[in-house]
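Colleague: I'm new to this one. Could you walk me through it?

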Amino acid sequence: MSVSRRSFLQGFGRTNRSAEFMAARGHEEYVAELLQQGGPQGGRGMRPQLPPGTEIIRISSNENPLGPGKAAIDAILGRFPEANRYPFNSSPLDADLEILLAKLNSGKRDNIVLGVGSQELLRNAVRVYMSPTKHLVETSPTYGNCSGQARQMGWTIKTAPVDAKLKTDLAALLPLVKGAGLVYICNPNNPTGTVVSGQAITDFVAEVRKIAPTAGILIDEAYSDYSDSSFTSMIPLALATPNVIVAKTFSKAYGMAGVRIGFGIGQAEAIKRMSAYRMPYNVNTFGVAAAVASLKDPAHIKEESARNAAVRTFTIKAFADMGYTSTESQGNFIFTDIGKTMTAAAFRDACAAKGVQVGRDFPPLEKQWARTSLGTMAEMQKATEVFRNVLKPATNTTSGKGQ
Amino acid sequence: MALSRRKFVQTVGVGAGAALSSNIWGRGRENSVWSAFEPDLQAVERGMICIASNENPVGPGKAVLDALSKLLEGGATPGRYSGQMGELTSAIASTMKVKPENVILGEGSTQILRSATQVFTSKTKPLVGTIPTYEECSGYAELIGNPVKGVSLDSEFKIDLDKMAAAAKGAGLVFYCNPNNPTATYVGAKATREFLTKMISTSPETTILVDEAYFDYVTNPDHETHIPFALEHPQIIVARTFSKAYGMAGLRQGYAVAHPDTIKKLQDWDRAGGTSTLNVFGMAAATVAIQQGPAFLTNERDRNKAVRDMVAKWFADRGMKATDGQANFMFVNIGTPAKAFREACRAKGVIVARDFPPFEKTHCRITLGTMEEMTKAVAVFGDVLAKKTPAAA
């Protein structure tokens with residue numbers, strides 16, 4: 001899959017360059033080529049290739065190293081002249097994106113709310129469903145946007161730790177649900193990468209609705225496009241169940257973290273409440289155009305998912321070969337137990353000194369577990385060399401894992 | 001100026017295979033991705049003249065369009081979360097001759113307006129604004145359950161400063177939109193300065209948000225930004241946007257300038273409560289836009305003024321009074337309900353603005369398109385109004 005994408009990209013290049021370089025620079029390079037072909041030939045040369053070691057490998061923020069697909073880039077390029085129009089006057093309109101998302105998810109337009117990334121949706125869900133007396137329930141560790149907003153408002157947060165496999169422990173969350181305003185489930189969970197099954201979530205939601213009938217249940221599926229069949233989207237459940245909202249983003253598999261676009265989907269009543277908090281004209285016209293174009297190119301997302309899965313398998317194995325276990329990650333990042341050798345902070349600092357940026361601390365697991373986002377295969381080949389160096393294969397330990 | 005800008009943007013993107021039709025400016029970009037969803041398409045039909053939303057009809061400057069092209073070409077990473085906010089903040093600070101700690105960025109000025117309302121109003125400290133004005137602050141105050149006090153305009157549709165000062169005593173936030181949207185009127189710099197000074201002494205706990213969204217279009221000689229004043233007085237915030245004269249409404253960039261203590265209050269809220277990340281295209285474009293130099297804004301102001309003068313004269317010649325418009329839109333007494341006028345215009349390919357109570361029975365807000373667009377638009381207005389009212393008073 002990634003091969004075809006690479007050769008596709010190379011097809012636009014007029015000069016021979018290494019597949020590695022192409023893949024690492026990805027679509028930006030492709031765009032450069034297109035612009036060169038179309039624009040005046042001003043002797044514009046190739047971007048200078050930096051000597052090895054000077055370009056930092058950034059695998060710290062769960063970004064897509066290749067950026068958006070060709071369709072999205074084309075759509076953005078075509079958007080420049082319309083930068084003057086508000087998203088409600090542009091073509092496509094933000095409303096058109098809502099309609100398209102509704103259609104692709106078997107809903108209606110009033111089931112969809114757009115966000116500046118899914119971040120806006122997570123924060124607004126806190127404001128819609130919580131209050132000084134209605135707390136947040138979530139696993140620990142998980143993505144910190146809801147809890148950050150709740151803390152800002154001075155509202156209560158109740159957490160239960162992930163289970164032994166670092167999965168969201170739904171059974172442990174349930175006793176915390178009484179009187180809750182919002183229950184947040186990140187699936188696959190960031191930073192642990194683990195997935196809980198569709199059946200487990202469905203059963204959990206039914207229980208929550210008995211205990212706290214008015215609570216919002218926000219299921220964050222930011223990484224769903226990177227998951228295998230162990231993951232089931234709760235979008236159908238959200239459409240069928242009051243106050244259940246699924247949040248999705250174009251920041252991950254769609255490669256548009258810098259474009260800031262996401263959406264929430266649920267029953268019309270819940271979405272109406274969310275929409276009240278939506279910042280007017282929140283999504284930019286380039287983002288709308290890119291999102292629309294991307295949605296019309298599902299093959300690209302399949303390829304991106306396969307590309308990531310191959311890198312994920314490679315990287316998990318590299319750690320295993322060094323004697324370190326990772327969780328069963330379904331995201332574009334992995335979560336690895338390096339505790340017998342060093343803390344996440346020590347690992348991060350040592351890697352940074354060698355030009356590799358890995359994830360921050362994720363308390364309460366920061367003494368033992370480190371999160372590594374997945375770059376390109378080429379980047380991860382280099383990065384795992386650095387890891388090997390930094391972690392100094394733990395041959396003198398009792399662990400026989402990964403053999 | 002306008003012409004060359006239009007020509008340029010008609011050719012950009014061709015290399016990307018983007019099918020830009022010559023009609024792109026009229027709002028009707030053919031969008032092939034839509035073919036499969038055509039029946040549900042909401043987008044405005046091709047060829048419509050959209051003069052409803054106070055957008056800049058000619059778009060961003062050439063430097064900005066160049067920067068956007070180079071952005072993708074030069075290794076922009078739309079797949080990455082951006083760290084460009086510092087660069088944009090510095091560019092704004094140096095252009096406006098303030099320090100970076102005087103600047104906060106926002107998703108358009110919308111985010112600034114909402115954050116200020118969040119931070120400075122409360123259950124006991126209302127929001128005060130004119131009726132009508134831009135509704136972002138009042139809408140948000142209502143959303144979070146904080147009181148809103150409205151103050152009627154004076155007979156010239158300007159902010160009534162005495163009434164405003166009286167109503168604003170003890171308020172949490174005064175929204176001072178100048179030029180005012182939708183009435184397009186501008187309170188002179190001297191009178192505004194006196195009002196602000198008076199407010200600081202009579203109601204020091206009140207913050208005043210001076211929205212200068214349309215400031216770059218003001219031609220009244222008595223005009224001046226209140227940014228320098230804001231630097232000295234923690235009670236004053238000046239909001240600016242890239243959506244108007246800079247032609248970047250779709251890119252969602254705005255900012256505010258204020259005393260560092262005031263900026264910090266807004267930032268503390270935004271960090272956890274707002275949109276902490278702006279989009280990479282918008283930030284790159286804004287960084288270049290603000291550094292285009294004064295000639296860009298002068299040219300844009302002149303271009304807009306020529307159109308405004310033409311449209312104002314057209315209405316005046318027909319006995320219809322417009323306010324003293326100082327923005328890129330006009331507020332005109334058409335002597336007939338805005339709704340009927342709007343619907344009739346739309347049927348003839350011209351989209352004008354929605355109702356603005358309490359003046360919706362007589363007044364319509366009309367955004368100024370290009371001269372070409374407005375020449376066509378006034379012909380439509382002539383048709384529509386001739387049928388409606390023989391002679392509006």
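Modeller: Domain bounds here come from an automatic or database domain assignment. This is a predicted model, where local features need pLDDT of at least 70, side-chain atom pairs count only at pLDDT 80 or more, and totals for chains, interfaces and linings use all residues. Residues are numbered from 1 along each chain as its sequence is written, while chains are lettered from A and ligands numbered from 1 in the order in which they are written.

Colleague: Into which domains is chain B divided?

Modeller: One domain of chain B is made of two segments, 1-61 + 294-393, and is called domain 1. The other, domain 2, covers 85-289.

Colleague: Which element gives the most to the side of domain 1 of chain B that touches domain 2 of chain B?

Modeller: Contact means that C-beta atoms, placed from the backbone, lie within 7 Å, and it takes 26 residues from domain 1 of chain B and 25 residues from domain 2 of chain B. Helices (H or I, at least four residues) and strands (E, at least two) are DSSP runs, numbered from the N terminus. On the domain 1 side, α11 (294-317) and β9 (329-333) of chain B each supply at least two residues. With five residues, the top contributor is α11(B).

Colleague: What is the mean pLDDT of chain B?

Modeller: pLDDT is the predictor's confidence in each residue, from 0 to 100. It stays under 50 over residues 1-43 of chain B. Even so, 84% of the residues of chain B reach 70 or more, and the mean pLDDT of chain B is 86.

Terms used:
Contact = placed C-beta atoms within 7 Å.
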